Amino acid sequence: MARKEKQQAADSENPGRLKQIKLTYRMAKRADRRLGWILLAVALLSFGIVLAIGFLIGHPVYLGILGVLIALLVTTVVFGRRAERAAFQQMEGQPGAAAAVLENMRRGFVTTPAVAINRQQDVVHRTVGKCGIVLVGEGNPNRVRGLLTAEKRRMARAVQEVPVHELVVGTGEGQVPLPKLRSRVLKLPRVLPGYRVTEVNDRLRALGDLMSKMPVPKGPLPKGMKLPKGQIRR
């Protein structure tokens, strides 16, 4: 009886996973029209290379089976990267997109979205990791610079010895494109041990702010969101 229930649970999960893959493919296909042909070419090329090696060494059957597995693996990796790129293209330009990227980074980073925001929806997000504190601004570059400076000055009272990096998301000079934001943050030099990351994040949270009392949604902020008069800083 228990085996039957487990089997039914596994069968119910498989359609969900397949449906998720199908939805991801459709989403990526809207931004990348050649996705299907590219994946097919990658699969055939990967399989063909392994099979050719099999004929050269006299084991085409074994290498053919291995080629199917390698082709599936390589195609999955390519599909994941192109789907991620398509997602970035759809998010780019939307308020809060940088927060969505930061919150999906690997372990070791603690991200707090919208630590500073103004009525024009220029916003600053904060992430803390072994590289120190990273402030990421998105919106009008001139207004965002002011928000970054004010937030850095406010944090200096609690974390004077911790390096603070300032990044502005955008396509202009000196800005970081959204698809490259994660890699840019990961390339920053690591200067803090793990326990210091927790300590620094706790200090910043202890500062308190008005934004902690406001319901800020995760991911891109709605364009019609109304904010209080004046600048609200976390």
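**Note on the predicted structure**

1. The protein's secondary structure amounts to seven helices and five strands, where helices (H or I, at least four residues) and strands (E, at least two) are DSSP runs numbered from the N terminus. Read from the N terminus, the order of elements is α-α-α-α-β-β-β-α-β-α-α-β.

2. Residues are numbered from 1 along each chain as its sequence is written, and side-chain values use heavy atoms, with hydrogens and water left out.

3. The predictor's confidence in each residue is given as pLDDT, from 0 to 100. For the protein its mean is 79, and 78% of the residues reach 70 or more. Contact here means heavy atoms within 4.5 Å.

4. Of the protein's 234 residues, 37% are buried. Buried means under 20% relative accessible area, exposed over 50%, and partly exposed in between (1.4 Å probe, protein chains only). The accessible surface comes to about 14,600 Å², and carbon and sulfur atoms account for 58% of that surface; the areas come from the Shrake-Rupley method with a 1.4 Å probe, and for residues only the protein chains shown count as cover. Among contacts between residues at least 6 apart in sequence, 61% join residues at least 24 apart.

5. Which residues of α7 are buried? They are Arg196, Val197, Val200, Asn201 and Leu204. Seen down the helix axis, these buried residues fall within an arc of 135°, so they line one face of α7; the arc is that of the directions from the axis to the C-beta atoms. An α-helix has 3.6 residues a turn, so residues three or four places apart point the same way.

6. The face turned away from the buried side carries the exposed residues Tyr195, Arg205 and Ala206.

7. A nonpolar core is a set of buried Ala, Val, Leu, Ile, Met, Phe, Trp, Tyr and Cys residues joined through side-chain atoms within 4.5 Å. In the largest one, of 18 residues, Val124, Ile133, Val159, Val200 and Leu204 touch the most other members. Two or more residues come from each of β1, β2, β3, α5 and α7, and α5 gives the most, with four residues. Apart from this core lies another, of 15 residues, among them Ala98, Cys131, Val169 and Val176.

8. Ala114, in strand β1, has phi near 55° and is buried, with a relative accessible area of 2%. Gln121 lies in the loop between β1 and β2; its phi is about 65°, and Gln121 is likewise buried, with a relative accessible area of 14%.

Methods:
Predicted model: local features only at pLDDT ≥ 70, side-chain atom pairs only at ≥ 80, totals over all residues.
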